[in-house]
Amino acid sequence: MTEVATARRSRITPEREAELYGAVLDLLREVGYDALTMDAVAARTKSSKATLYRQWGGKAELVAKAVRSNKPGGMGLADIDTGSLRGDLHALTMRSDDCEMEQNSALMRGLAMAVHSNPELLKAFKEHLIEPEMAEFRRVLQRAIDRGEVRADNPAIGYMMHMMLGGFAARTLIDELPPTQAFLTSYIDAVVLPALGAE
């Protein structure tokens, strides 16, 4: 990136960026991805479209980064190290209260359809959300392997993200209830940790 582009991108303060991301998430909840426009974001945030495009390039990147910013503690796992895999996963779960989990679950259900029908959004989600999250989970698992909690050859390691997302997503689909801290910590203890051979 050139110095000029870097200077342009750095004009938005972290507080303003958080405000913009909050507005994007509110609009997503109100109208969904397909109906969300950069015009609507600009109007809601009293920004120019030029600023939005200069900072984020387009709707897909803006939405992916807004969803990422909505995660409690940023990425979530980066600064968690309780000394055990169980402790790390429980600590991650406790970062969102039940109300936040319900809102995030509804938001992700709405975005799931858009991701599959929009290659640009899928690419942005992979780059800004999925790949960084998977890297964090790999680091957490590597620490558990290094501590001797999980065998390095356990075939369930490759499915950890699937298990974690599955518990979060399936709660509403199967039980018609939002995911909660109690449900997810029980799920981690009953499903994820036994599959990984951890206690």
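Which residue forms a salt bridge with Asp 81, and how far apart are the closest N and O atoms? The partner is Arg 147, and the closest N and O atoms are 3.7 Å apart. A salt bridge here is a side-chain nitrogen of Lys or Arg within 4 Å of a carboxyl oxygen of Asp or Glu. Arg 147 lies in the loop between helix H8 (119–146) and helix H9 (160–175), and Asp 81 in the loop between helix H5 (59–69) and helix H6 (85–93), so the pair ties together parts that are 66 residues apart in sequence. Side chains of opposite charge can pair when their charged atoms come close. A search of the whole structure finds 13 salt bridges.

The model is predicted: local features need pLDDT of at least 70, side-chain atom pairs count only at pLDDT 80 or more, and totals for chains, interfaces and linings use all residues. Residues are numbered from 1 along each chain as its sequence is written, and side-chain values use heavy atoms, with hydrogens and water left out.

Helices (H or I, at least four residues) and strands (E, at least two) are DSSP runs, numbered from the N terminus. Axes are lines fitted to C-alpha atoms, for helices over the stretch in contact, and angles run from 0 to 180 degrees between N-to-C directions.

| Helix pair | Angle between axes | Axis distance |
|---|---|---|
| H2 and H3 | roughly 125 degrees | within 10 Å |
| H8 and H9 | roughly 115 degrees | within 10 Å |
| H6 and H8 | about 150 degrees | 9 Å |

Angles under 35 degrees count as roughly parallel, over 145 as roughly antiparallel, 65 to 115 as roughly perpendicular and the rest as oblique. H6 is therefore roughly antiparallel to H8. In this contact (heavy atoms within 4.5 Å), Leu 85, Asp 88, Leu 89 and Leu 92 of H6 meet Phe 137, Val 140, Leu 141, Arg 143 and Ala 144 of H8. These residues divide into 7 nonpolar, no polar and 2 charged.

H8 and H9 are roughly perpendicular to each other. On the H8 side the contact uses Glu 133, Met 134, Phe 137 and Leu 141, and on the H9 side Met 160, Met 161 and Met 164. By class there are 6 nonpolar, no polar and 1 charged residues. Ala, Val, Leu, Ile, Met, Phe, Trp, Tyr, Cys and Pro count as nonpolar, Asp, Glu, Lys and Arg as charged, and the others, Gly among them, as polar.

H2 is oblique to H3. Among the residues in contact are Leu 20 and Leu 27 in H2, and Val 41 and Arg 44 in H3.
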